[in-house]
Each structure stands twice: as C-alpha cells, then as structure tokens.
Amino acid sequence: MIKKQSKSYSKKEISKILHPWVNEWFNQMFDDFTPAQKQAIVDIHKNKNIFVSSPTGSGKTLAAFLSIISELTTLADKKKLEDKVYCIYISPLKALDNDIEKNLEIPFKEIEKIAIENGKEKGLGIRKAVRTGDTSQYERTKMLKIPPHILITTPETLSILLVAPKFREKLANVKYVIIDEIHSLANNKRGVHLSLSLERLQHLIGGFTRIGLSATVSPLEKIANFLVGYEYGVERDCLIIDVNYLKKLDIEVISPVDDIVVADSEETRLAMYNLVDDLIMEHKTTLIFANTRRGTESLLYNLKEMFPENYNSQNIMAHHSSLSKELRLEAEEKLKEGSLKAVISSTSLELGIDIGYIDLVILINSPKSVSRALQRIGRSGHQLHGKSKGRIIVTDRDDLVECSILLKNAKEGRIDSIKIPKNALDVLSQHIYGMAIENPWDIDYAYDVIKKSYSYKDLSRDDYEDVLSYLAGEYVELEERYVYAKIWIDYKKNTFGKRGRLARMLYSTNIGTIPDSSGVLVKCDGDVIGRIEQDFMEKLKKGDTFVLGGGIYRFNYGRGMTINVTPASGPPTIPSWFSQQLPLAFDLGLDIQRFRAIMEGKFQYKRGKEEIIEFIHEYLYVDEFAANSIYEYFREQFLYAAIPSNNKLLIEYYTGFGGRKFLIFHSLFGRQVNDALSRAIGYIIAKEKKIDITISISDNGFYLSSDKKMGGLEAFKKLSSKNLRNLLIKAIDKSETLASRFRHCAGRSLMTLRRYKGQDKSVGRQHVRGKIILKFVEEMDDNFSILKEARREVIEDFMDVKNAKRVIQWIESGSMEIKTINTIIPSPFAFNLVSQGYLDVLSQTDKAEFAKRMHKAILEKIKDQLVEDYY
C-alpha cells in the first residue's frame with residue numbers, strides 16, 4: 001500500500017537508532033533534524049520503502065543516507081563489514097554523482113576520526129565510489145577487487161553491471177537503492193529503462209529498500225508507485241514524505257514595460273535587458289533560465305555588449321548541453337566559489353547539482369509548467385527555511401496571462417501532473433537481451449518479472465511475444481538488412497537465452513535510451529569548445545561568424561562531424577539552435593482556460609473596470625500594471641469576437657493577405673495536444689479535398705491555411721474519440737517525425753548498432769540506415785513491434801493523444817461547445833499565432849509590428865463599444 005507518512009520522530013527517537021559515533025558527528029554539525037529527516041530516517045532503518053518530496057536544501061539527501069551510514073558504521077565497529085556493495089545511489093547526471101561522492105566525504109572522514117578517538121585504531125574503512133561511463137579501466141578493476149560499500153552510478157551503468165558476471169556477484173547483497181531526482185527520470189524512457197533494471201536487481205537479490213528523492217512533483221502517489229512497482233499485481237508498500245510546503249516562495253511576474261502592446265519591440269527588448277541588469281546588480285549571484293540554447297547565447301552576448309562595465313567572460317557564463325564538459329564544469333566551479341555574478345542556462349541547471357549559493361533566479365518568459373518553475377526557482381535560497389526568490393519576466397500578453405496563472409498555481413501548490421511512458425517495446429527489447437545474457441530464462445517467469453515494473457504492468461502477452469520473435473530472428477527477412485537474431489528460443493522447454501559470443505560486448509556498448517544527437521564538434525586551436533547542430537553546420541560558409549558559449553567564432557572549414565573555428569569579433573550571427581521549445585503543461589492550459597471563463601462571465605454581467613481589475617489583482621497575485629494589461633487584452637477579445645475557454649472552443653475564420661484562408665482553433669491545451677488535433681484534421685482534409693494545407697501550432701492553438709476552401713470545420717467534426725488514434729497513426733505515416741523516432745527506437749532495440757567492435761557509427765550513417773530499415777519493415781509487417789513502438793512514441797510522448805482524446809470527448813458530451821466567428825482582422829487572442837507562422841517570412845521585429853498594427857485596427861473596429869463601455 002502507498003500512503004502518506006503520518007509520523008514525525010523526535011531527535012531522541014532518531015538518535016536511539018543511530019550509532020553513537022554517527023550521533024556525535026551529527027550533533028557537531030547540526031542542531032536538529034530537518035522535517036524530511038524526522039519523517040524518513042527511522043523508517044529507512046526499518047527497511048521501509050520511502051519516497052521523499054521536498055525542496056532543494058531541505059536535507060533530503062542526508063535523510064536518505066544517514067541510516068545507511070549508521071548501519072555501515074555499526075558493521076565496521078563489529079568487524080562485520082564485508083567487501084560487497086550495500087547501497088546503490090542512482091542519479092540522472094554524472095555531475096550529481098560526483099557531487100554526492102564529494103559530499104559523503106565529509107561525514108565519512110569525520111566519523112572515521114571519531115571512531116579512532118574512541119579506540120578504533122585502524123578506523124572504519126567504509127568506502128564509496130563513482131562508476132559511470134567516465135570511470136577509467138583502472139578504477140573499474142580496482143572496484144572489482146575491493147568493491148565500494150556505497151556505489152554511486154547512473155541508470156545506464158547499472159544495467160551494464162547487471163550483465164557483468166564478476167561485478168554482478170558484488171551486487172548480490174544490496175540492501176538499499178537510492179534514486180535521486182526521480183521526477184526527471186520518470187517522465188521519459190530513461191526512467192522506463194531504470195524501472196526494469198530495478199526489477200532485474202530485485203530478481204537477483206530477492207528484495208531491497210527503495211528510496212526515492214524528488215523536488216516538487218505531482219501526483220506523489222504516481223511517482224511512489226513508479227519507484228516501488230508491483231508484487232503479484234499489487235503495488236508494493238511505500239511511505240510518502242511530503243514537506244514541500246515548508247519553503248517560502250518570493251515569486252513575482254514582472255514586465256519590463258508598463259504596457260506590453262503599446263511599447264514597440266525595440267523598447268521592450270532594451271527595457272528587458274535593463275531590467276535583467278538591474279536585478280543581477282542588486283544580488284550577489286543570479287541564475288537565469290532562458291528556455292532554449294539560442295536564448296541563452298543571445299542573452300549572454302547582449303548583456304556583455306550592452307553593459308561592458310558590468311560583465312566580462314570572468315563573471316558571467318553560459319551553461320547548456322551544447323557546451324563542452326570542460327566549459328560546463330568551469331561554470332559550475334566558479335558558481336561554487338562565488339566568483340560569478342550570473343550564469344545563464346537553458347535547462348541544464350534545473351537539477352540538484354551543487355552550484356553554491358544563489359540568491360535570485362530569473363526566468364525569461366514562461367517555463368511552461370508549475371513544477372518546472374518551482375524546480376528552477378527552488379535553486380535559490382539553497383538552505384533550510386531559506387526563501388526561494390524568483391522573477392519571471394514576460395514580454396507579451398499571452399506570456400503575461402500564462403505566467404500569472406502559473407504564479408497563482410505555484411503559490412497555492414497546484415502542480416501539473418507528470419506523464420510516465422508505458423509499455424515501451426524498444427526498451428523492453430534491450431532488457432530482454434540483457435536478461436538473456438545473464439542466464440537462460442523461463443518465458444513465463446520473465447514475463448512476470450517484467451510486469452512488476454510500473455511501466456510494464458499492463459504489457460500485453462502479444463506485445464511481449466512479438467518482441468521475443470523479433471529478438472529470436474523469426475522475421476528472417478530482416479537478415480537481408482543485416483539485423484540478426486540476438487536470442488534463441490526453445491519452445492518445447494519454454495525458455496530463451498543469449499545467442500552469439502559477442503552478446504555482452506554488443507549490449508554493453510549500445511546500452512541506454514538517449515539517442516545519439518547530430519551534434520557537430522566545434523574545435524578552436526585544437527580544443528573542443530562545444531557543439532552545434534548538423535543542420536546548422538550545413539548552412540555555414542567560410543568566414544561566417546557565430547556565438548557559442550558567449551564567445552564569437554569564425555568558421556574556417558569542416559571535416560566530417562567536426563568544424564574548425566578561430567576567435568572573432570562581432571557582429572555575429574546568433575546560431576539557429578534546433579532545440580525544441582518546451583511544451584505547455586496540459587493542466588496549466590486548462591487552468592488558463594478556466595480563468596478565461598471567469599473573465600467572460602464578468603464582462604457578460606457588465607462588471608465595472610475597477611471591480612474586474614481588483615479581481616485580477618487578487619486572483620492572480622499580480623501588480624496593477626499587469627492586471628490592467630490583462631483586463632484590456634480580455635476586454636478587446638470579448639468586444640471584438642468571443643472569449644474561448646474550457647467550456648467553449650472558438651473557431652475563427654480569417655481571410656488574410658491575397659485572399660489566403662485561415663481556420664484558427666483557439667485550443668489552449670498546449671502544443672502536444674494541438675499537434676495531435678491539427679495533424680488529424682489536416683490528414684482528413686488532405687485525403688478528402690486533395691489540397692495542400694499549411695499547419696501552424698502553438699501552445700494557445702493552431703491554424704490551418706490554404707489558398708482554397710478547406711472545409712476545416714467539417715473535417716474537425718469527423719474526428720471522434722474512437723477514431724482519433726487510428727487517424728493519427730495514418731497522419732504520421734511517411735512523415736519525418738516518424739522516421740526520426742523510428743531511428744531512435746531502432747537504436748534502443750538494437751536493430752541498428754551505434755557502436756560495433758570499438759567503432760562508432762556516425763549519426764548520419766545511423767540516420768540513413770534507420771530510413772532504409774523503416775521502409776523495409778513497413779513493407780514486411782505493418783504491425784512489427786519496433787514500428788509499433790515508434791508510432792506510440794510519436795502520438796503519446798511527442799504528441800499527447802490521451803488529452804487530445806479528452807478534448808474531443810468534452811465536445812461529444814456537450815460540456816464544451818463549438819462557436820465559430822468570421823473576422824477580417826485576427827482577433828487579439830489570434831495575433832501571436834497568426835504572426836508566428838504567417839508564411840514564415842516575418843522577422844521577430846516585423847511580427848511585433850504586425851501585432852501592433854492589428855491591435856490598432858481592432859481598437860478602430862470596437863471604438864463605439866469602448867466609448868459605450870467607458871460611459
């Protein structure tokens with residue numbers, strides 16, 4: 001049973017179960033246990049599964065380790081500490097692993113010193129070590145001879161260790177497994193992969209205590225269930241410790257200008273940089289999140305250019321995944337030392353890497369989910385009872401509304417729900433191969449072990465057997481494309497096992513779920529300084545300059561997947577990073593629409609301006625300027641068209657320049673839902689009308705556009721909750737999205753190998769091979785397991801078919817009405833969407849000017865109503 005922890009233990013009760021030397025060290029360091037520690041330590045000592053959700057700086061890491069350190073100290077004191085692994089710590093980041101290893105050094109050394117003072121002359125000899133892909137062969141050999149008592153690793157390395165015969169023996173007595181930042185694993189295939197590794201470990205040793213650590217996440221029960229899995233079809237026991245309410249929040253949504261629409265784009269841009277500079281100067285160390293790598297590079301470059309007296313390469317740096325490991329480590333070390341005024345990141349500093357004390361976090365535009373906002377802002381005030389201070393800077397009205405609702409939800413503890421992938425057949429293929437390498441398995445028993453994972457509880461027997469058939473080489477046609485059998489199956493004995501002498505090598509060198517990215521190495525004077533996207537490299541010509549890591553570089557030449565550059569001076573071409581924008585959380589989108597419904601009601605009942613602004617000010621925790629901007633935005637939409645909401649889907653017919661027709665769906669459900677809905681509608685139109693249409697999506701809606709009559713509304717009405725999934729599968733067929741995802745799935749399922757006999761295969765070669773195999777598989781068996789998984793990944797993980805289906809069900813049930821309008825100027829809520837995709841010819845400045853012109857035209861159209869409203 002999964003339940004909330006109801007007991008908080010006193011310091012006296014906790015001290016009773018800890019070894020005296022551990023108690024002595026703790027009392028030297030701390031006055032008392034934190035709330036997370038008071039609820040966790042004793043029950044971990046009792047070998048209960050624990051899931052701790054609490055903010056950064058709340059002591060949850062020590063809560064997980066202290067009982068384990070005490071147990072190891074007791075064993076060492078009694079001379080019963082053996083050469084084996086007692087605890088495995090798993091995190092998503094190698095950098096976090098290294099932090100934990102360093103942080104454990106303090107209690108280990110101090111408790112050792114206390115033990116020697118108490119007559120333990122040779123000390124305790126408790127060992128910990130990091131084992132990741134970066135660990136040297138010497139260190140690995142050393143671990144085999146003398147294993148660490150606490151093994152610090154990553155999900156991928158754990159799965160490799162499970163098939164390493166000698167090290168596998170060292171894991172046979174593991175008592176504890178700690179999974180840190182579990183929320184960042186659970187929502188992707190790395191988490192699915194880890195969940196199966198845990199069940200394989202459980203099978204190996206019979207059971208262990210599972211400890212999950214997470215920042216703000218929801219629903220807690222779902223993550224706890226993911227952590228512990230199932231036994232005989234029933235969820236295993238787990239205690240949930242939730243102390244998120246204890247950390248104070250100082251969050252504000254601020255605009256750099258008084259009126260976002262009236263101010264021109266250059267005025268807003270300059271005001272934004274001035275505001276960011278003021279905030280940085282008012283604080284000791286500021287962490288800035290810019291959402292994309294392009295935004296990170298642009299912000300860093302412009303701050304240094306505009307305020308040279310305040311910023312240089314020594315006190316402000318970038319941190320994102322395209323930078324070299326050395327540059328990222330340099331930024332992290334300088335943060336810890338306190339020598340940086342600011343660091344600008346895309347998403348790479350969201351997780352709990354130790355970066356020292358941050359007293360302000362700035363978010364440039366919306367982080368798109370409440371949990372992400374809290375995670376980022378929680379990086380400040382990194383100490384117990386410290387106040388997390390964050391400022392969200394918005395530069396347009398849609399962002400203002402979105403961030404205001406996000407702020408309300410954050411303050412009131414309304415967190416968006418996490419989405420955990422299920423029944424991923426490519427990850428399953430990889431694990432079945434790993435299981436076969438361990439030893440022969442009974443087919444039925446292996447199926448039972450797999451179904452104990454949260455991610456595979458509902459795995460069908462048919463899908464399981466299809467994966468076995470693929471791995472056993474029963475699709476003989478695949479050998480024509482050099483995809484060979486990896487396991488054998490004995491149907492008489494109902495068993496399977498590994499095939500081939502190279503199985504362990506192939507598995508260990510191709511493990512994991514993160515696909516190789518098409519990153520091109522950037523070298524300057526022989527040193528790797530970062531990466532750019534392959535598509536971007538293809539656009540470069542000799543002499544071009546671009547920004548990377550805040551520096552400007554000139555392109556000299558490219559060879560293979562490497563380019564050579566030299567330092568240059570401006571003006572640069574800011575790189576067109578091909579990083580995906582973050583999607584709006586579905587739950588947050590619904591809350592924005594509920595607010596829209598409330599606002600429409602107030603306008604319908606002719607509430608006065610002062611009353612409505614007062615309501616906005618109190619309901620959303622925003623200042624008067626923001627409340628006034630939101631009021632004007634909604635009033636214009638109400639007077640000119642209608643306000644879409646969770647009760648009303650507004651569909652707007654708009655005729656643009658040159659008679660081009662636009663069908664705009666005001667569906668504020670996030671881009672993943674809108675991608676699903678728009679593709680399904682587009683497929684119906686293309687099939688029935690035989691015309692080409694343009695589709696553009698955003699978090700706030702989508703539009704279909706064509707020179708000809710589309711019949712978009714009729715096509716939309718042909719969508720149903722029953723046919724949506726099948727229509728989407730047909731719609732993505734032959735698309736680049738499916739081809740790309742199939743390549744990833746083929747890599748995970750080992751249809752294509754990234755590495756073979758020490759040779760890496762380039763991303764380009766993998767891409768070509770993936771396309772060839774996809775075409776072959778589609779002709780061979782349209783229901784082939786890995787093709788089926790690629791389709792599932794596109795419509796469930798990349799898109800959001802589940803919530804798209806919910807939207808259609810609301811329409812079918814009548815709880816959401818459809819309202820259509822005709823406009824000669826896009827309605828205010830459609831401005832950003834139409835300018836975003838308008839033939840892809842408008843620059844950012846032109847889009848802003850377009851919105852201003854449209855705004856003036858709207859005001860002209862509704863001026864009589866505005867006068868009436870005023871009087």
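This is a predicted model: local features need pLDDT of at least 70, side-chain atom pairs count only at pLDDT 80 or more; totals for chains, interfaces and linings use all residues.
**Exercise 1.** Classify the aromatic pair of Phe-665 and Phe-716, and state which elements of the chain it links.

*Solution.* The distance is 5.3 Å centre to centre, with 65° between the planes. Planes over 60 degrees apart count as edge-to-face, and the pair is accordingly edge-to-face. Phe-665 belongs to strand β26 and Phe-716 to helix α26 (residues 712-717); the two are 51 residues apart, and the pair links distant parts of the chain. With 1% relative accessibility, Phe-665 is buried; Phe-716, at 6%, is buried as well.

**Exercise 2.** Describe the sheet that contains β26 and the helix that packs on it.

*Solution.* The sheet is open, with 5 strands in the order β27-β28-β26-β25-β31 and mixed pairing. Its edge strands, β27 (694-697) and β31 (817-823), each pair on one side only. From one strand to the next, the twist averages 15°. Strands β25 (residues 648-655) and β26 (residues 661-666) run antiparallel and are joined by 6 bridges; Leu-650 stands opposite His-666 in β26. Helix α25 (residues 671-689) packs on the sheet and touches β26, β27 and β28 (702-706), its direction making about 25° with that of β28.

Methods
Residues are numbered from 1 along each chain as its sequence is written. Side-chain values use heavy atoms; hydrogens and water are left out. Two strands pair if DSSP finds at least two bridges between them. Helices (H or I, at least four residues) and strands (E, at least two) are DSSP runs, numbered from the N terminus. Axes are lines fitted to C-alpha atoms, for helices over the stretch in contact, and angles run from 0 to 180 degrees between N-to-C directions. Contact means heavy atoms within 4.5 Å. Rings of Phe, Tyr and Trp (its six-membered ring) pair if their centres lie within 6.5 Å; planes under 30 degrees apart count as stacked, over 60 as edge-to-face and the rest as tilted. Buried means under 20% relative accessible area, exposed over 50%, partly exposed in between (1.4 Å probe, protein chains only).
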